[in-house]
Structure formats: structure tokens, C-alpha cells
Amino acid sequence: MKYFSPPHSTSNFPVARAFLLLAFSYLLFGLLLGCIGSFQYLWPSFLKNKLSFQQSRPLHVYLVISWIFTSAQGAIYYFLPRVTGRNLFWPGGLKIHFILQLSVSLLIIGAFFSGHFGGREYLEFPPWLGILLLLSWLPFAINFFCTLKPDYRKAPVYIWSWSTGIFFFFITVSESYLWLFDHFNKQIIRDITIQWKALGSMVGSWNMLVYGAAMFIMEKITNDKRISHNRISFAFYFLGLTNLLFNWGHHTYIVPAAPWVQTVAYVISMTELLLLGHIIWKWKKSLTATKNKYGNISYRFLSVADGWIFLNLTLAILISVPSLNYYTHGTHITVAHAMGATIGINTMLLFAVIFYVLGDARPLLLQRKERLINRSLTLTNIALYLFWFALLGSGLVKIAGKLNNNSFYKIMDQSLPWFRGFAASGLLLLAGIVALVSTAVAVLLHSRKNETGRKFNKREVKRSGRHLI
Amino acid sequence: MRKIFIFLGLFSGYAAYSYLVYTKGTESELVLRGIQQQQIELGKSLYQQHNCTACHQLYGLGGYLGPELTTAWSDPSRGENYIRAFLQKGGQRMPDFHFTKNETDAIVAFLRYVDSTAITYKKP
């Protein structure tokens, strides 16, 4: 397999394809496990002895997290030679990265199925697998920094964003294993605080990869380099970075800690979301002006993400008010916020990026699938709204139950209609995502030679006119 | 260069803040020694090995299928016997992990220790 890719070509498409296929398999299995988990809310004995919630939840979490960073990595590999005008520094590293990541994933999944856990939130696998996870990122980091040889004085904002994401992934994953030392492990408050700190920043690190990729395609679709060099973009980046470094505090209102830490963190994180919405809004205006049809599919996903940014922002403001947070903490309202961020924002941005890659490499074929993609996106988005509201509903029932001093089991019984709602909408969401993924996979696996196997009418050819980078 | 300085400034702040959080303000006032300390450590280790965090929360970290456990020890409607009953037999949702008496004692000791630190949960 030839990994080497000359600049300004699409011959490194096989690399992106391999990573995107891996990412899609993470996403589909992750969603399936999520659906199984939701059934376990409805029928407590469902797979209780074969795949209990103790296993289905960590599998779901690990796979969905892996979807986010693997798809971002695949896109970055595709973009790197285009950004630099150079070939990848270490073509052999691609293969090592892929094999290492696949092996680590299989080991982690095997550990969960066989009941071997590390028992920490997000990273619920045994600690030695965490070391392998970090190792699997090394070839990616080497290829990224050595291919790019970035001059940060002039680099566009997405280079800063990607660099930060990679750098802090190593820092935060390492930090999350500080509990292996007695100084942290023997003090529960310290241990919990550091866990929230490391996990909060880790989420920020992969967000940086995703936002960077989104910024990159915005620049290309609008054909406006100013968008990734101007002051407001860098102001957003530095606010995002500040958010990555310090905003974890808003998760720890109930952990005994200094209140001002959380207040400062809360203000910072809110500003970041507002600014991102502002940038996308400005970008849409610019897109209308250019009337560039090429990026339509990606544009629609970015618009959907835009909507979720504002919804999630509203929810984040509400649940970050300490007096409200006291009640919402530990309810599915927090889960609704997490789902809005990972599916509504991250996944939609990633699909925008992936369809941009496909549009660049297989423009005519993608054009043929446009209607199906639009319908799948609509289904996914409607399902996500239903899912989100069902989670909010079950959260509100739990709050009411707490206020009435109801037992946990009574609250669970009262929440049942909402659990049915999120299980049903979860299935619908799975259907929408399966439709999107199967369309993307069909384009990914189609050879370029076959792309012109059918005659296209003039309108189709015009609409799919590639926007050369 | 300005961007590089801003980055370095933020990163320095992060490093200093991390050091502060690692060393100050997050230590427990409880001093545990000897057998009590060993039992709590064993309980914590078992809590992690069985991935209790998938279903239960401690200080907001964990899943929602089972009840929050930060104050399970002092909760008038739960308490020690309630915790022991579930640890020994499981429940409608909770699998039976077949814990030995020693293991059950260790997890109960760990939850009791967590509860004793949960001052923010017990505000009127």
C-alpha cells in the first residue's frame, strides 16, 4: 500500500479512508452499545449477566470518544500535505499508528468484555492500556509536527488548534493517571478534583482537533484565508485554550473547593461558545456572498452544529448557575449537555469535515448521494432533538423526586416514560447515523475510476465543481 | 511573536495552577492510619476493579443507572445495612459480585470515608 502522497493531490486519500473507516466502526458500535445501555434502563435484567451496564457503558464511552479523535486524525492526515505543500515526514508511521490504534482498541474492548477494569470515568480500562493508548498517538504526533515544521508566528489558527489538541492530549491522559501515586490516590478530594481537571481538559484537547478541522474547511469553502488568520479567530482560539486549561472547575461545585475557581471557569467557557457561534454566523454571511455551491453538504452540517452550539450554550448557562447546579448535578440534564456537545456539535462538525474530504476526493459520486445525505441529516437531527428533550425530561423528574425526598427506585419508576423516550429516539438516532455512515462508506470505498461510470448532466457537473485548495 | 507569548503565559499559568491544585486545598482533614487506612484503600481498589463508576456516582463522577453513593452512608433512608445488603446479594439492576465479608467490609469502609468528606452535600 502506498502511503506517500505528493502535494496538491488526493493520493493520500487511502490513508484518510483507512482512519475514517476505523472511526465509523467506532461510531456505529459505540451507538449500538449506547442503545443497549438505554434498554438496560427499561429492562434491568436485559443482558445483565452477559453484558451488564458495568460493561456496556464503558464500551459506549470509549468507542464514541475514539470516533471523535480518530475521524479528526484521518482528516488531518488528509489535509496535512495540502497545508504544507510537503509530503508526510514519516509515511511508515501511518501504518504503525493504524496498527497500534487498532490493537489498543481490540485490547480495551477485550478487557471490558472479560471484566478487567481500571474503574475511572472515561478511561475505564486497566491503566497499562492507557500507556499503549498514548503510544498509539506518538506516530501521529511525529508526523504532524515533523511534516508541518510549524512557524507559529505566521501559522493559521487551525495549525495552532491542532498542535494544542495533540500536545494537551498527552498531558491530560498522563495527568489522569496521577492516581497511581499515593499522594493522589490516598486523598479522595484531591483524587476526584484531579480526575475532573484531567478529564475536562482532555475533552478540550480533542475539541481542539475537531474545531481546527472545522476552521480549515471554513477557510477552504469560503476561499477566504483571513478567516483563519484574523484577530477574532485567534481571540476565539485563545479563549478556547483558556477554557481547555481552566474551565474544568464548573464540574466541581459539589466537591469541596474554592468557589471563585468555578465562577471564573464558567465565565470563560461561556465566552468561548458565544465566540464560536459568532464566527460561524459571520462565515455563513460570507458564504452567501460568494454563492459557492461546492461546500453545500458540509455547510448544512456546520449549520446544524451552529444550532446545537446555541442550544447547548443556553443549557450550559442554566446548569452552571450554582443554585441550579445543586439540583441538576447527577441527573440526565448533565447527560443532555454532554450529548448535545458530542453529537450535536462534535459529530456534526466531523461529518462536515468528512463530507468535505469526500467532496474533494470523489466530487461527482458525492453529488449523486446528496439527497440521501440531506434526508439522513434531517432524520439524525430530529432524533437528536427528541433524544435531548427526553434526557432533559428524565432529569427534571429526578429533580422533582429529590425535592420530594422520594427514594431512588421511586424516581426511576417515575422516569420510565422518559427512559422509553430516550431509548426510542436513540434507535432513531442510530438509524440516521447508520444512513449517513453507509453513504459516506459507499463513497469512501468507491474507486475513482468508477466515479465517472455514469453520465452526469451539466447541472450536476456544475454543482460538483471542485474547489481546488 | 505576541501569539507565542500569550500561549506561553497561559501555559505557565496552567502549570502553576496545576501545582497548586496538586499540593494545596485538596487534602482531606481526616488523618487515617494503620488498618483503617488499609481497609479504605482496599475498598477503593475494589470499587475501581468492579467498575462501580459505570452505574454509581461519587462527587458527580459516574453513571446514573444506580444511586449516587457519596452520602449513601449517612443517608437516613440507606445507611450501612442497605449498602451491605446490595454488596452481598446484588439487586434488580446490580449484579451479584459475590464479595467476601472482608471485601464487603472494605467497600463499606471506603464509602464511609467518602461520606465523611462530603461536607458540601450536607449543607442545609
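Ser438(A) is partly exposed, with a relative accessible area of 41% (buried means under 20% relative accessible area, exposed over 50%, partly exposed in between, with a 1.4 Å probe and protein chains only). Ser438(A) sits in helix H16 (residues 416–445) of chain A; helices (H or I, at least four residues) and strands (E, at least two) are DSSP runs, numbered from the N terminus. Between the C-alpha atoms of Ser438(A) and Val15(A), which are 423 residues apart along the chain, the separation is 19 Å.

This is a predicted model, in which local features need pLDDT of at least 70 and side-chain atom pairs count only at pLDDT 80 or more, while totals for chains, interfaces and linings use all residues. Residues are numbered from 1 along each chain as its sequence is written, chains are lettered from A and ligands numbered from 1 in the order in which they are written, and side-chain values use heavy atoms, with hydrogens and water left out.

**Chain A overall**

- Chain A contains 17 helices and 0 strands.
- Of the 469 residues in chain A, 61% are buried.
- Contacts (heavy atoms within 4.5 Å) between residues of chain A at least 6 apart in sequence join residues at least 24 apart in 82% of cases.

**Helices H12 and H14 of chain A**

- Helix H12 (residues 332–361) of chain A packs against helix H14 (residues 370–403) of chain A at an angle of about 165°, and their axes are 8 Å apart.
- Axes are lines fitted to C-alpha atoms, for helices over the stretch in contact, and angles run from 0 to 180 degrees between N-to-C directions.
- H12(A) and H14(A) are therefore roughly antiparallel to each other (angles under 35 degrees count as roughly parallel, over 145 as roughly antiparallel, 65 to 115 as roughly perpendicular and the rest as oblique).
- The crossing of H12(A) past H14(A) is left-handed, a term used if the near helix is turned anticlockwise from the far one by less than a right angle.
- Residues of H12(A) in the contact include His332(A), Ile343(A), Met348(A) and Phe355(A), and those of H14(A) include Ile373(A), Phe387(A), Trp388(A) and Ile399(A).
- The contact residues divide into 16 nonpolar, 7 polar and no charged (Ala, Val, Leu, Ile, Met, Phe, Trp, Tyr, Cys and Pro count as nonpolar, Asp, Glu, Lys and Arg as charged, and the others, Gly among them, as polar).

**The loop between H7 and H8 of chain A**

- Arg226(A) belongs to the loop between helix H7 (188–222) and helix H8 (231–246) of chain A.
- Arg226(A) is exposed, with a relative accessible area of 60%.
- Although not a glycine, Asn223(A) has a positive phi of about 55°.
- Most residues other than glycine have a negative phi.

**Chain B**

- Chain B has 4 helices and 2 strands, in the order α-α-β-β-α-α from the N terminus on.
- The radius of gyration of chain B is 19 Å, whereas a compact globule of 124 residues would have one near 14 Å (taken over C-alpha atoms; the globule rule is 2.2 Å times the number of residues to the power 0.38).
- Along the principal axes, the C-alpha atoms of chain B fill a box of roughly 65 × 35 × 35 Å.
- Buried residues account for 52% of the 124 residues in chain B.
- His98(B), in the loop between helix H3 (79–89) and helix H4 (101–117) of chain B, has a positive phi of about 55° although it is not a glycine.
- His98(B) is exposed, with a relative accessible area of 62%.
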